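User: Please take me through the domains, contacts and backbone of the model shown here.

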Amino acid sequence: MRGGWTGKLLRVDLSKGKSVVQDLDPKVAVDFLGGRGFAVKTLWDELPRGTDPLSPENLLILATGPLTGISMPSSGKLVVAAKSPLTGGYGDGNIGTRASVQLKKAGYDAVIISGKAEKPSILSIENDKVEIKDGRDLWGLDTYKAQEELERQYGKNSGILVIGPSGEKLVKFAVITSEKGRAGGRPGIGAVMGSKNLKAVVIRGSKEIPLADPKEVAKLGAESFKDIKSKDNYDFWVRQGTMATVEWANANAALPTYNMSEGVFDGYDKVGGNAMEKIYKIGQKGCPNCNMPCGNINEIKEGPYKGRDTEVDYENIAMLGPNLGIDNMNWALTLNLIADEAGVDTISLGSVLAFATEAMKRGLISEGDAGLKLDWGNGQAYVELAKKIVNKEGFGSILAEGVAYASQKIGKGSEKFAMHVKGLEISAYDCHAYIGMALAYGTSPIGAHHKDAWFISYEIREGRGVVSEERAKKLIWMQNVRGGFFESAAACRLPWVEVGYDLEWYPKFLKAATGLDYSWDDLQIIANRIYTLMRAFWVREKGGWSRSLDTPPAKWFEEPQTKGPLAGSKLNRDDYEKMLTWYYENRGWDQNGIPRKSTLRRLGLDWVIPELERVVSLNE
Amino acid sequence: MRIRFLGKPKEIMGGVIELNLGRATLREVLERLPEDVRKLITDGEKLKMIVLINGVSAESKGGLDAPVSQDDELTIMPEISGGSSHYFWFSGQRE
């Protein structure tokens with residue numbers, strides 16, 4: 001390998017307190033790129049079926065890709081992955097963090113962590129020096145305080161990943177965080193880290209990232225940063241970032257409101273980008289190598305956390321604002337800060353709070369059950385319950401298991417409005433009127449997450465309500481770019497998504513970094529390989545598959561929106577089934593969503609067949 | 001005709017404007033807008049932003065040649081969180 005990849009993997013066994021460095025198989029690098037590709041390949045190869053996600057046997061993987069850390073816009077991403085304790089399937093997330101760049105500079109493409117430390121620990125990686133240190137002093141600290149303490153001990157430029165009290169307590173949607181508010185691993189990857197008694201990973205590197213053509217990378221980088229700054233909406237983006245989406249989603253009846261019952265919210269403008277800019281925003285934060293920072297730092301102006309600040313984006317505010325009927329930004333910001341400090345996912349937190357509210361309003365749970373009265377817009381009650389969730393206290397301990405579990409526990413038909421797919425809470429777009437976006441959520445490979453599934457803008461532009469094979473193909477193409485390429489290259493998609501940075505830059509960067517020619521056709525094949533292997537992992541774990549696992553909850557099919565420009569909209573089940581069938585066919589999966597043998601062979605995954613056939617019969 | 005703007009065009013034009021134009025094409029409507037706003041919305045050959053005519057995509061009604069009438073309501077918005085307009089050019093080239 002000439003560059004891009006360091007060619008080295010670090011394996012750490014916390015039970016034995018040992019680490020070893022291995023060579024990266026060049027074929028794995030070429031065929032799976034890195035990031036998510038590395039993670040799913042490793043988990044398929046090494047994790048026995050049925051492994052308890054919170055047992056020492058689960059693997060926690062931190063993975064970069066060939067573009068991570070190089071002089072390319074927004075190249076500072078790190079993928080964190082494991083078998084998910086929330087879903088039982090493949091789980092991952094990405095974090096924009098100095099840890100990504102530091103890991104590459106320390107000389108590793110990925111770290112694979114197994115076992116469980118005897119006591120709370122810190123994994124310290126400084127180039128070739130790898131140590132497992134006593135972390136008892138940090139155990140119990142929130143993510144902000146832990147970050148501050150580690151920066152004090154190791155230096156501000158260290159790459160630091162921490163879990164909060166929720167990760168320690170194994171909240172099923174605990175995340176790994178970095179730099180106060182950067183978070184990744186929605187499907188409970190923070191709980192996996194907690195189950196290993198691992199409070200933090202600190203990474204420091206001083207090596208050069210190997211590059212096939214360093215001059216060309218530098219040239220492309222300089223041109224690219226300039227290109228991004230020249231885009232029409234660059235200045236608007238820098239000021240509002242994804243927060244402009246609040247107004248946009250509301251205008252399109254897609255703003256999650258009252259547990260995704262509606263797509264419009266009367267008080268949207270009080271929690272949108274304009275309000276943020278005028279009243280709350282006090283700063284800006286970005287990832288390494290980024291000149292279009294998306295992190296909007298907001299100050300809480302009122303309430304119990306008055307004077308504190310917190311970093312937000314659209315997903316946070318939509319789920320902790322309109323989805324809870326909250327039109328007071330201070331409460332949404334407060335809930336966001338509670339989640340970030342404790343180290344839980346804000347989307348899932350918003351979803352379980354909304355679910356509990358709807359359950360109470362439908363009379364399925366009482367105030368006595370929950371320990372307090374929940375009602376749309378009651379920020380104070382949500383803050384109280386959020387604290388119980390992140391600390392797993394009382395009724396909060398049920399919601400801390402995720403909305404799928406909570407709905408099973410409550411029963412009484414509450415599954416209908418438990419807004420998840422495959423166990424992962426749906427992120428912030430209401431899909432009553434958007435069948436393509438619903439399919440994107442339905443087929444997202446970690447459960448319903450927006451990182452693979454931003455299809456709604458295309459759907460609005462090209463026409464809502466279209467049921468066609470062409471749409472299913474377009475969705476696959478888009479998932480392959482977003483969840484296949486970007487998650488594996490490990491780079492941020494926002495330059496392309498938000499300001500129109502040209503996709504053709506990426507093969508140029510890959511060529512300059514690795515010396516290898518990848519066309520977008522090649523990258524689509526790699527993405528297909530990764531998606532099919534992720535599906536194979538799920539099928540192996542579940543012992544089969546069902547179309548219902550790729551289908552959003554009944555609410556969107558049965559209970560139409562009642563307000564806004566698209567009032568009366570709901571999904572049609574027959575249409576959804578048609579779209580799902582086309583999706584499967586074009587992925588090369590059978591009518592139950594299981595990869596066909598011919599597809600596995602075509603994608604170079606023939607080695608998957610024997611093991612998959614142990615749990616399910618495969619169609620040709 | 002009522003035109004509602006979101007995103008950067010809203011900052012320049014305000015939230016809503018009224019135009020008296022009678023029957024026209026979308027291209028003719030956009031030509032009535034200030035140049036700096038028009039350039040955000042179209043390059044003259046294709047739309048760079050989402051345009052809805054009474055809630056229906058202008059792309060599905062002929063793009064810049066879509067017919068509009070005085071009673072119509074237009075909504076003009078950026079392609080937030082869904083891929084830039086370039087995506088559509090790019091993907092179109094690949095099919």
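User: Which domains does the assignment of chain A give?

Analyst: The model is a predicted one, and the residue bounds quoted here come from an automatic or database domain assignment. For chain A that assignment gives domain 1 (8-204), domain 2 (240-425) and domain 3 (435-613).

User: How many residues of domain 2 of chain A are in contact with domain 3 of chain A, and what are they by class?

Analyst: The C-alpha centres of domain 2 and domain 3 of chain A lie 26 Å apart, and 22 residues of domain 2 are in contact with 26 residues of domain 3. On the domain 2 side, the strands β16 (420-421) and β17 (424-425) of chain A each supply at least two residues. By class, this side of domain 2 of chain A has 12 nonpolar, five polar and five charged residues.

User: Are α18(A) and α26(A) roughly parallel, roughly perpendicular or oblique to each other?

Analyst: Helix α18 (residues 435-443) and helix α26 (residues 573-587) of chain A pack with their axes 10 Å apart and at an angle of about 55 degrees. Angles under 35 degrees would count as roughly parallel and those from 65 to 115 as roughly perpendicular. The two helices, α18(A) and α26(A), are therefore oblique.

User: Which residues in α26(A) meet α18(A)?

Analyst: The crossing of the two helices, α18(A) and α26(A), is right-handed. The residues of their contact divide into seven nonpolar, two polar and one charged. From α18(A) come Ile435(A), Ala438(A), Leu439(A), Gly442(A) and Thr443(A), and they meet, in α26(A), Asp575(A), Tyr576(A), Met579(A), Leu580(A) and Tyr583(A).

User: Which helix of chain A gives the most to the side that touches chain B?

Analyst: Between the chains, 26 residues of chain A are in contact with 24 residues of chain B. The helices α9 (245-251), α20 (456-462) and α22 (494-499) of chain A each supply at least two residues of the side that touches chain B, a side whose residues divide into 15 nonpolar, six polar and five charged. With six residues, the helix that gives the most is α20(A).

User: Is Lys180(A), with its positive phi, buried or exposed?

Analyst: Most residues other than glycine have a negative phi. Lys180(A), in the loop between β10 (176-178) and β11 (182-184) of chain A, instead has a positive phi near 60 degrees. Because 25 C-beta neighbours lie inside 10 Å, Lys180(A) counts as buried.

User: Where is Asn197(A)?

Analyst: Asn197(A) is not a glycine, although its phi is positive, at about 60 degrees. With 21 C-beta neighbours inside 10 Å, Asn197(A) counts as buried. Its place is in the loop between α6 (189-195) and β12 (198-204) of chain A.

Note on methods: Residues numbered from 1 in each chain as written. Chains lettered and ligands numbered in written order. Predicted model: local features only at pLDDT ≥ 70, side-chain atom pairs only at ≥ 80, totals over all residues. Contact = placed C-beta atoms within 7 Å. Helix = DSSP H or I, 4+ residues; strand = E, 2+ residues; numbered from the N terminus. Nonpolar A, V, L, I, M, F, W, Y, C, P; charged D, E, K, R; others polar. Axes fitted to C-alpha atoms, helices over the stretch in contact; angles between N-to-C directions. Parallel < 35°, antiparallel > 145°, perpendicular 65-115°, else oblique. Left-handed = near helix turned anticlockwise from the far one by under 90°. Buried ≥ 20, exposed ≤ 12 C-beta atoms within 10 Å, placed from the backbone.
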